[in-house]
Amino acid sequence: MTTPLAGYLLVAALLFAIGLAGALVRRNAILVLIGIELMLNAANLNLIAFWRYGPHPERLTGMMFAIFSIAVAAAEAAVGLGLVIAIHRHTNTTDLDKMNRMKG
Amino acid sequence: MSPIFYILAAVTLGGGLAAVLLRQLVHAALAATVAFAGLALLYLQLDAQFVGFAQVLVYIGAVAILIVFAILLTRGSEVPKDGVFSRTWAVGLVVAAAVFAVLGWAVLASLRALPLAEAAPAATVHEIGVALVGRYVLPLEIVGLLLTAATVGAVIVALHEKERPKQ
C-alpha cells in the first residue's frame, strides 16, 4: 500500500532535478534564477507534504517553515534580478559564459 | 492517489520542463508561472490553503512579474544566435540526473516507513496568525527585516551609477 506522501515527494524530487538542470545548463542568468526558484519551490512542496502527513500537524511547524521559505525566496528573487540588471548595465550581456571578470 | 493529483503533477512538471527548455525567455517565464500555479494547486490539494494563496500572491503576483521586467530590461527577449545552452550542458544534465536518482531512491527505499494518509489537519488562518505572533514571532520579525533590507539592497544595486571622475 503506497501513501500519497510518496507521490508528492517524487514530484518534488523531479521538480528539484528539473530546476537544477535549468540552473546548470542554461546560459542566461535570468533562466538560472528561474531554475533556482523551481528548486526552492520543490523544497517547499516537500515541507508542506511532510506537514500534511507527518505527526503533529497541529503544531504547524512545516507550514511555518514553508511560509518563511517563500518570504526568503521573494527576497532572493528581488536581489538576484537586481544584480542581473546591474551586470547587464555594466557589461551589456546576461550570458553567464561571457561573465568571466570580477573587475568591471 | 486521486486523478487530480496526477493532473496537477503533470501541469507542474510540464511547466517546469518547458521553463528550462524553451529558447524564448518570455515563453520560459510564462512556463515557470504555470509551474508556480500548479504548485499552488498542489498546496490546496494538501489542505494548506494559506500557503497556496501565499504562493499565488508571492510567486505569480510578484516574482513572475519581476522576472518579466528583468527580461525586458535586459533585452533578453532576443534569442542568442550561438545557442541557449551552456558549453558544459552535458555535465549539468548528468549532475541533475544523479541528484534525481539519489532523491528518488531515498523516497522509494523508505516507502514502507512513510506515514499513511490521515484525516485532514485543520489549519485555519486564525491559528496560523496566532502561531506567527506567538511561537514564531522572532522569525517573523527577522523575515520582515530581511525583506526590508533586500528591497533596499535590490534598489541600490539596480540603481543607475553616477559617472565618477577617474583618479
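Start by colouring the two chains: 70 residues of chain A are in contact with 83 residues of chain B, where contact means heavy atoms within 4.5 Å. Before you click further, know that this is a predicted model, where local features need pLDDT of at least 70 and side-chain atom pairs count only at pLDDT 80 or more, while totals for chains, interfaces and linings use all residues. Residues are numbered from 1 along each chain as its sequence is written, chains are lettered from A and ligands numbered from 1 in the order written, and side-chain values use heavy atoms, leaving out hydrogens and water.

Stay with both chains. Together they bury about 6,900 Å², 77% of it on carbon and sulfur atoms; that is the accessible area (1.4 Å probe) lost on being put together, summed over both.

Now select A:Arg52 and B:Asp47. Their side chains meet in a salt bridge, 2.7 Å from N to O. The rule (a side-chain nitrogen of Lys or Arg within 4 Å of a carboxyl oxygen of Asp or Glu) finds one salt bridge across this interface.

Finally, pick α1(A), residues 4-25. Here 18 of the 22 residues are buried, so the helix is largely enclosed by the rest of the structure; buried means under 20% relative accessible area (1.4 Å probe, protein chains only).

Conventions: Buried means under 20% relative accessible area, exposed over 50%, partly exposed in between (1.4 Å probe, protein chains only). Helices (H or I, at least four residues) and strands (E, at least two) are DSSP runs, numbered from the N terminus. Buried area is the accessible area (1.4 Å probe) that two parts lose on being put together, summed over both.
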